[in-house]
Amino acid sequence: MSNDIKVPDIGDFKDVPVIEIYVKVGDTVKAEDPLVSLESDKATMDVPAPRGGVIKSIAVQVGDKVGEGSVIMQFEGDGATAAPLPVAAKPNVSAPPSPVSAPAGLAEVRVPDIGDFKDVPVIEIYAKVGDNVKAEDPLVSLESDKATMDVPAPLSGVVREIRVKLGDKVSEGSVIMALDTGSALAGVAAPAPTAPATAAAAPEAAAAADVGIDEAAFALAYAGPAVRKLARELGVDLAKVQGTGNHGRIVRADVEAFAKSGSAAATAPKVAAAPAGGGVGGIDLLPWPKVDFARFGPIERKEQSRIKKISAANLHRNWVVIPHVTTHDEADITDLEAFRVQMNKELEKSGVKVSMLPFMMKAAVATLRRFPDFNASLDGDALVLKNYWHIGFAADTPNGLVVPVIRDVDRKTIPEIAKEMGDLAKLARDGKLKPDHMSGGTFTISSLGGIGGIYFTPIINAPEVAIMGVCKSYWKQHSSDGKTSAWRLTLPLSLSWDHRVIDGAAAARFNVHFANLLADMRRIMF
């Protein structure tokens with residue numbers, strides 16, 4: 001006897017994609033075994049078998065869209081029937097915030113897309129257990145090395161559980177809270193576990209301990225119940241598995257491949273055996289000297305801000321790994337400065353004030369077009385040449401140095417660049433820059449023009465291969481023939497470049513071309 005297996009009640013969701021099929025024709029399944037996994041814009045849901053039997057046919061494929069009542073499979077046999085349960089008993093919320101509610105039940109709230117940042121610390125928790133929250137209400141605040149970000153509630157509900165504490169590090173997909181989004185499952189957690197359930201859990205915990213599973217990390221992994229069960233059976237720590245499903249979701253094939261590779265057993269000892277003084281690229285440095293400074297006089301201890309701490313680590317890595325060379329030059333900006341002053345008078349009513357930096361960005365784009373290797377990044381042994389020009393500028397803030405990025409500088413006017421720079425600089429000072437504001441740069445300009453100095457060695461902002469440093473302009477006598485001279489406003493230039501990609505002759509030509517453009521911006525048109 002054949003029975004159609006249909007999608008049960010999944011709330012208000014329609015046309016939900018099938019993202020994984022757990023069984024194949026001929027498999028014998030028991031009641032409540034997972035059959036397929038669905039992923040809406042708000043939740044990942046497994047569809048369980050309503051009864052036991054043998055799979056006769058499968059009516060869907062990965063990518064098909066289904067709704068309540070859609071036939072997904074046919075069974076043969078009349079096994080024991082499971083009590084009907086809502087599919088969305090515990091949806092995993094992973095999509096960007098939206099002011100809509102998930103199906104009634106307990107929803108796991110995850111960190112949404114935060115760009116390229118990983119292991120970002122939680123610095124503030126705004127809600128507590130029992131709080132009623134609405135969609136878009138802030139739940140926690142994260143602070144990366146470059147920005148502070150609030151994670152808003154993706155839906156309305158009551159906070160039932162908080163999975164993080166201050167100082168915990170999270171990434172995209174990490175579970176931060178559990179929200180009760182309705183009354184359908186209000187009593188699910190109330191019954192005490194039965195003796196058989198407790199007995200069944202003990203071997204699982206013992207097995208997890210045997211293979212060194214990090215239970216806290218396992219709980220945070222982005223995977224459905226069926227995949228978690230399989231991981232337990234195979235002794236795989238989900239925290240170590242790289243997901244290949246949508247949004248990095250761990251699917252059955254990922255767990256099986258990880259188990260076959262034997263990676264779980266191989267990686268733990270290697271991590272533990274890493275030398276204490278080891279660093280990037282195998283560099284093992286002497287321990288930092290420990291000195292009791294108070295022996296020599298009064299001292300005061302001041303903790304560094306998080307941005308400064310993490311920036312220091314990035315700068316140290318870049319300095320150690322990248323073979324830096326810095327080439328110095330100077331540009332005659334006498335005429336350009338006069339033009340800039342005149343343009344600021346004409347733009348006074350618009351509220352836009354133009355500094356020298358937007359002109360330098362335009363000159364940088366023109367120079368990068370002439371020397372494309374400077375607008376590139378290393379990818380293993382290959383050089384990735386970028387056909388876009390996004391210029392970063394170093395911004396000094398009370399909390400440390402950040403590098404906002406002006407995108408598509410080649411398509412913007414000088415006033416447009418100046419206005420965008422001002423807006424980004426304000427966000428930087430207020431600590432409100434988002435990851436997207438600081439990503440995608442192809443070249444950086446670090447200017448000390450408002451402070452002083454003549455030359456310095458800027459550190460390359462990896463994965464870029466060059467950075468231009470400029471200092472405060474000053475008046476200097478120039479002579480073109482050695483007989484006569486004139487006072488000219490001179491801008492010091494310091495170009496740091498990656499010697500794995502660029503050689504000295506190319507760097508010198510880059511500096512000369514850049515300086516010539518600043519001396520006469522009309523050259524950009526040629």
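## L238 and its neighbours

L238 touches F218, A221, A223, V227, R228, A231, I250 and V255, leaving aside residues up to four places away in sequence. The model is predicted. L238 sits in the loop between α3 (225–234) and α4 (252–261).

## The protein overall

The protein has 10 helices and 28 strands. It contains 526 residues, and 40% of them are buried. Consider contacts between residues at least 6 apart in sequence: 62% of these join residues at least 24 apart.

S311 lies in helix α6 (residues 306–321). S311 is also buried, with a relative accessible area of 9%.

## I445 in strand β25

I445 belongs to strand β25. Its relative accessible area is 1%, so I445 is buried. Which residues does I445 touch, not counting those up to four places away in sequence? They are L357, M360, M361, A364, I391, G392, F393, A394 and M468.

Two of these neighbours, L357 and M361, also take part in the contact of α8 with α9. Two others, M360 and A364, are among the α8 residues that meet α10. A395 lies 50 residues from I445 along the chain, and the C-alpha atoms of the two are separated by 10.0 Å.

## Helix α10

Helix α10 covers residues 504–519, 16 residues in total. From its first C-alpha to its last, α10 reaches 23 Å. That is close to the 22 Å expected at 1.5 Å a residue.

Which residues of α10 are buried? They are A507, F510, N511, H513, F514, A515, L517 and L518. The helices are α7 (334–346) and α8 (357–370). The strands are β18 (324–332), β25 (443–447), β26 (466–470) and β28 (486–498).

## Where α8 meets α10

The axes of α8 and α10 come within 9 Å and cross at roughly 135°. The two helices are therefore oblique to each other. The crossing of α8 past α10 is right-handed.

On the α8 side, the contact uses F359, M360, A363, A364, A366, T367, L368 and R370. On the α10 side, it uses F510, H513, F514, L517 and L518. By class, the residues of this contact are 10 nonpolar, 2 polar and 1 charged.

## Where α8 meets α9

How is α8 set against helix α9 (residues 414–429)? Their axes come within 9 Å and cross at roughly 120°. That angle makes α8 oblique to α9. This crossing is right-handed.

L357, P358, F359, M361 and K362 are the α8 residues here. They meet I414, I417, A418 and M421 in α9. The contact divides into 8 nonpolar residues, no polar ones and 1 charged.

## Backbone features in loops

P463 is in the loop between β25 and β26. A cis peptide bond joins A462 to P463, with omega about 10°.

D119 has a phi near 50°, a positive value in a residue other than glycine. D119 lies in the loop between β10 (106–110) and β11 (120–125). Its relative accessibility is 49%, so D119 counts as partly exposed.

D408 is also a non-glycine residue with positive phi, near 50°. Where is D408 in the chain? It lies in the loop between β24 (405–406) and α9. D408 counts as partly exposed because its relative accessibility is 24%, and the buried class ends under 20%.

Notes:
Residues numbered from 1 in each chain as written. Predicted model: local features only at pLDDT ≥ 70, side-chain atom pairs only at ≥ 80, totals over all residues. Heavy atoms only, no water. Helix = DSSP H or I, 4+ residues; strand = E, 2+ residues; numbered from the N terminus. Expected span 1.5 Å × (residues − 1). Buried < 20%, exposed > 50% of the residue type's maximum accessible area, 1.4 Å probe, protein only. Contact = heavy atoms within 4.5 Å. Axes fitted to C-alpha atoms, helices over the stretch in contact; angles between N-to-C directions. Parallel < 35°, antiparallel > 145°, perpendicular 65-115°, else oblique. Left-handed = near helix turned anticlockwise from the far one by under 90°. Nonpolar A, V, L, I, M, F, W, Y, C, P; charged D, E, K, R; others polar.
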